[in-house]
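Please open the structure in a viewer and keep the selection panel at hand.

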Amino acid sequence: MITILKNRNLQAFLVFAGIVAVGWTVLSWLAEAGSLGEITTIGIRVLAVCIGVAYAWTVTNEIWPSLMCFLLLPLTAVQSFSDVLLNERNTEIILFFILLCVFLKFLEEREVGRFLAAWMLGRKFLRGRPWLFLFSLFLAAYVVSSLINMFVGIYLMWGISTSISRALGNKPYEKFPTLLGLGVSIMGAMSLSAMPWGGSSLVLLTLLPGTASPGHSFLSAPPDVIRYVLFTVPLGVLTILVLLFLFKFLFRLDVSGIKRLDPGAISVEDRKMNPTKAVALISLLVFVALMLSEPLLANPAAPGVLQSFSAIGKLGKLILILVLLSMVRVDRQPIFNFTQVASRGMQWNLVAMLFIAVPLGQSLFDEKTGICDFLTNHVAPLFQGIPVLGILAILAFVMMILTNFIANIPVCMLMLPVAFTILENKGISLELVGFFLIVLCCFGWMTPSSSAAGMVMSANKDWLRTKDVVIYSWPILIVMTAVTILYCFCIMRFPLL
């Protein structure tokens with residue numbers, strides 16, 4: 001008994017097994033008896049697996065929840081083992097993510113993120129302008145986290161923030177270092193949905209066209225990645241402005257010390273360019289350009305050569321970049337060794353999560369489950385007569401609360417079909433609704449179980465107290481959610497994208 005109490009993985013497994021057992025026995029019997037409306041026995045079993053794995057993903061970073069989901073999903077009879085294993089959409093996502101981990105690790109080791117942050121914060125026009133400096137600090141955290149890696153962005157900018165705090169004479173847990181650390185972490189959380197290859201958006205964008213039963217697809221085509229970035233990036237910048245507004249007028253943050261900040265707090269060495277750093281930076285710019293140019297290259301009006309190039313997809317473009325990097329030599333030494341970098345840069349728990357997330361999302365809303373019919377017949381009518389703005393507000397605040405206590409990807413997977421069913425005939429873009437929910441699912445950082453950003457924050461015991469994070473987070477979350485609702489509603493009513 002003592003061993004069980006001390007073994008968190010075993011505890012999580014027992015809770016997971018209990019959720020699945022209840023779903024597959026008691027609730028399955030109720031579904032078979034017709035007590036759960038249109039939801040079938042298969043639907044209940046799939047829901048039980050989804051809720052169980054969502055709980056397990058929330059409390060552990062181990063790989064076993066994804067493997068158990070992979071094992072149990074075929075047993076629900078919604079998909080065969082081969083369908084789960086050889087899922088057409090999943091193959092490209094997994095290969096792309098594995099190669100992306102290697103590429104991002106290469107950029108990290110070549111200190112591209114450090115260079116970008118130091119360059120942005122080393123601009124002369126920031127001196128003597130404390131609020132503009134803080135804007136640049138959070139923007140640098142957002143850019144580095146979005147383009148390189150969330151962990152790199154947070155830890156790098158935390159290092160700069162603590163250096164600034166020490167230079168100004170601040171001690172741990174005081175308001176100034178706490179709010180700077182919280183702001184950096186929030187931008188790290190927002191980065192998970194900033195780019196279409198982000199940790200959350202990579203899976204959820206793939207699910208959007210198929211978030212319905214066969215023959216009833218809410219989106220007729222894959223989402224436009226350029227449109228997605230035009231939605232997320234301005235919202236990220238708006239979030240920084242909201243943070244600064246709250247810091248100044250609600251939390252009364254004293255930033256006068258930044259005016260006398262020694263420029264040496266931002267390392268000059270980090271701003272120096274060298275050949276390997278230059279090659280890595282160029283490869284990053286090429287990567288971003290190729291990923292975002294995919295819709296333009298596939299356009300029928302584009303030249304034939306470019307259309308042919310688009311046929312290799314984002315996976316092929318990333319492979320091309322890695323091949324070219326393997327050929328580059330600086331001082332007769334290769335700057336990129338795939339095998340060595342891959343051994344240091346893989347996140348296998350995320351690979352396993354991504355592997356099962358798409359089949360799980362498709363299974364939830366397969367016609368065999370009856371879930372879509374249940375939503376259409378029983379949930380959608382509850383929102384009749386409520387204006388679009390009100391529906392967006394309800395969805396947003398439910399998402400905001402759930403994602404602060406449950407892993408964000410399963411929360412969004414469950415909310416997407418609910419939102420699409422409710423808003424399907426409201427005359428608004430369902431693609432934008434999908435973008436809206438993907439962004440909202442990254443508003444979780446308050447608890448360690450909410451997201452990677454929350455987990456990282458809880459580990460920074462030297463400068464952040466959990467109590468302070470919660471106290472400051474609630475007003476920030478409420479205002480950020482309200483601003484996001486208005487932002488999305490305005491774009492829907494006055495289309496700019």
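**The largest pocket**

Begin with the largest pocket, which holds about 1,000 Å³ of space in this predicted model. Select Asn 61, Phe 151, Leu 350, Ser 451 and Ala 452: of the 45 lining residues, these lie nearest the centre of the pocket. Next, colour the helices that give two or more residues to this lining, namely H2 (8-32), H3 (41-59), H6 (88-109), H8 (130-147), H9, H18 (348-364), H21 (408-423) and H23. Helix H2 provides the largest share of the lining, with five residues. Colouring the lining of the largest pocket by class will show 24 nonpolar, 19 polar and two charged residues.

**The largest cavity**

A search of the whole structure finds four cavities of 30 Å³ or more, and the largest contains about 80 Å³ of space. To display its lining, select Trp 445, Met 446, Thr 447, Pro 448, Gly 454, Met 457, Ser 458, Leu 464, Arg 465, Thr 466 and Val 469. Helices H23 (452-459) and H24 (466-493) each supply at least two residues of this lining. Which helix gives the most to the lining of the largest cavity? It is H23, with three residues. By class, the lining of the largest cavity comprises six nonpolar, four polar and one charged residues.

**The second largest cavity**

The second largest cavity contains about 50 Å³ of space. Select Trp 158, Ser 161, Thr 162, Ser 165, Pro 177, Gly 181, Asn 460, Trp 463 and Leu 464 to show the residues that line this cavity. The elements that give two or more residues to the lining are helix H9 (150-167) and helix H10 (175-191). Of the lining residues, four come from H9, which gives the most. The lining of the second largest cavity divides into four nonpolar, five polar and no charged residues. Leu 464 belongs to this lining and also to that of the largest cavity. Helix H9, for its part, also contributes to the lining of the largest pocket.

**Aromatic rings**

Display the side chains of Phe, Tyr and Trp. A search of the whole structure finds 16 aromatic pairs. One of them joins Phe 336 and Phe 338, with 6.3 Å from centre to centre and 80° between the planes. Why is this pair edge-to-face? The angle of 80° between the planes is over 60 degrees, so the pair counts as edge-to-face.

Next, select Phe 138, Phe 247, Phe 251 and Tyr 472, which ring pairs link into a cluster.

**Charges over rings**

Select Arg 45 and Trp 24: the charged end of Arg 45 sits over the ring of Trp 24, 5.7 Å from its centre. Then select Lys 314 and Phe 96, where the charged end of Lys 314 sits over the ring of Phe 96, 5.6 Å from its centre.

**Helix H16**

Finally, select residues 313-327, which form helix H16. At 1.5 Å a residue, its 15 residues should span 21 Å, and the end C-alpha atoms are 22 Å apart, which agrees. The buried residues of H16 are Gly 313, Leu 315, Gly 316, Lys 317, Leu 318, Ile 321, Leu 322 and Leu 325.

Terms used:
Residues are numbered from 1 along each chain as its sequence is written. This is a predicted model: local features need pLDDT of at least 70, side-chain atom pairs count only at pLDDT 80 or more; totals for chains, interfaces and linings use all residues. Side-chain values use heavy atoms; hydrogens and water are left out. Rings of Phe, Tyr and Trp (its six-membered ring) pair if their centres lie within 6.5 Å; planes under 30 degrees apart count as stacked, over 60 as edge-to-face and the rest as tilted. A charge sits over a ring if NZ of Lys or CZ of Arg is within 6 Å of the ring centre and within 35 degrees of the ring normal. On a 1 Å grid over the protein atoms alone, a cavity is a set of points where a 1.4 Å probe fits but cannot get out, and a pocket is an open set with protein on both sides within 12 Å along at least five of seven lines; lining residues have an atom within 4 Å of a point. Grid points are joined across faces, edges and corners, and a volume is the space filled by probe spheres set on the points. Ala, Val, Leu, Ile, Met, Phe, Trp, Tyr, Cys and Pro count as nonpolar, Asp, Glu, Lys and Arg as charged, and the others, Gly among them, as polar. The expected span of a helix is 1.5 Å times one less than its number of residues. Buried means under 20% relative accessible area, exposed over 50%, partly exposed in between (1.4 Å probe, protein chains only).
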